[in-house]
Amino acid sequence: MKQIFLALFMMVAAFATAQSPVKTKVSLSDETLVLSNFDTIKLLAPDLKGGRPLMQAISNRKTDREFASRNLSLKHLSEIMWVANGINRPNGKRTVPSAMGQYPLQTYAVLANGIYFYNPKKHQLEPVVKGDFRNLAGKQTYVDTAPLNILLIAKAGSPTDNFNMAMMDSGFCGQNVYLYCASEGLKCVTRAGAKEAELLKTMNLDSNYKFILAVTVGH
Ligand SMILES: Cc1cc2nc3c(=O)[nH]c(=O)nc-3n(C[C@H](O)[C@H](O)[C@H](O)COP(=O)(O)O)c2cc1C
C-alpha cells in the first residue's frame with residue numbers, strides 16, 4: 001500500500017514539474033552592465049534588505065588580487081558607489097563618517113570606457129574623460145582589466161583643505177566597499193598606489209588635488 005502511495009506521489013510530482021519548469025527571472029539590474037556610450041549613468045537606489053548579515057560580511061572580508069574582466073551589474077555598481085560615499089539620510093550625511101562633517105573626498109569610478117565622477121546628491125556617475133584609463137588607476141596589472149576602480153581624491157592646496165582628515169576619511173570608504181563586496185560575493189582590494197601625476201592630468205585636475213586611495217572591484 002505504502003509503495004502504491006509513493007509511486008502515485010512521484011507521478012504527480014513529475015507531472016507538476018513538467019508543467020511548470022523553473023524559470024530564472026533576471027531583472028535588468030542584475031544583468032551585466034553594457035557600456036555602449038559615454039553618458040551619465042543613473043544609478044539604482046540601494047536594496048536595503050540585500051546582502052549577507054554584517055557579521056558574516058566581516059568574517060568573509062579579505063583582499064583579492066585576481067579579477068575577471070566581466071563587467072559588474074548596474075545593481076552592484078550602484079550599491080558600491082553608494083556604500084563608498086553615498087548619502088543615507090535626508091540631512092545629506094553619508095554612508096561614511098567624515099571629520100567635522102566636511103566630506104572632502106571626491107569619488108570617481110574608472111570604468112572600461114572612461115572615468116566618471118560620482119555625484120552623491122544625484123546618485124549618478126557623470127562622465128569626466130572618455131577612454132580606457134584603467135592602467136592609470138594603479139601600478140599592478142589587475143587594475144588594467146578589472147571592471148571597476150574607485151578613486152578617492154581630495155584637495156591639498158592649503159591647510160584649510162584638511163588633507164590629513166581626508167586621508168583618514170578615505171579608510172572608511174574603503175572598508176565599506178570591502179564589507180559590501182564580502183556581503184555580495186564580489187572581490188576587492190584597496191590600494192594606496194596609482195600613476196598619480198598622469199592620472200590627475202588625464203582627469204584635468206590641477207596640482208591642488210591629490211590621489212589618496214583606490215579600490216578595485218570585480219568578480
Ligand atoms: C591603506 C592601504 C593601502 C593598501 N595598498 C595596497 C596596494 O597598493 N596594493 C595591494 O595589492 N594591496 C594594498 N592594500 C591591501 C593590503 O595589502 C591587505 O589589506 C593586507 O595584505 C591584508 O590582507 P587582507 O585585506 O586580505 O586582510 C592596502 C591596504 C590598505 C589598508
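This is a predicted model: local features need pLDDT of at least 70, side-chain atom pairs count only at pLDDT 80 or more; totals for chains, interfaces and linings use all residues.
Let me start with helix α3, whose buried residues pack against β2, β3, β4, β5 (148-155), α4 (163-184) and β7 (209-218), where two residues count as being in contact if their C-beta atoms, placed from the backbone, lie within 7 Å. The helices (H or I, at least four residues) and strands (E, at least two) are DSSP runs, numbered from the N terminus. Residues are numbered from 1 along each chain as its sequence is written.

Helix α3 covers residues 74-85, and its 12 residues reach 17 Å from the first C-alpha to the last, close to the 16 Å expected at 1.5 Å a residue, the expected span being 1.5 Å times one less than the number of residues. How many of the residues of α3 are buried? The count is 12 of 12, including W82 and N85, where buried means that 20 or more other C-beta atoms lie within 10 Å of a residue's own, the C-beta atoms being placed from the backbone.

Strand β2 (residues 106-111) runs antiparallel to β3 (residues 114-119) and is joined to β3 by four bridges, pairing being assigned if DSSP finds at least two bridges between two strands. Y108 has F117 in β3 as its bridge partner, and two residues lie between β2 and β3 in their hairpin.

Strand β3 also pairs with β4 (residues 124-130), again in the antiparallel sense, over six bridges, and Y118 has L125 in β4 as its bridge partner. Four residues lie between β3 and β4 in this hairpin, and H123 in the turn has a positive phi of about 45°.
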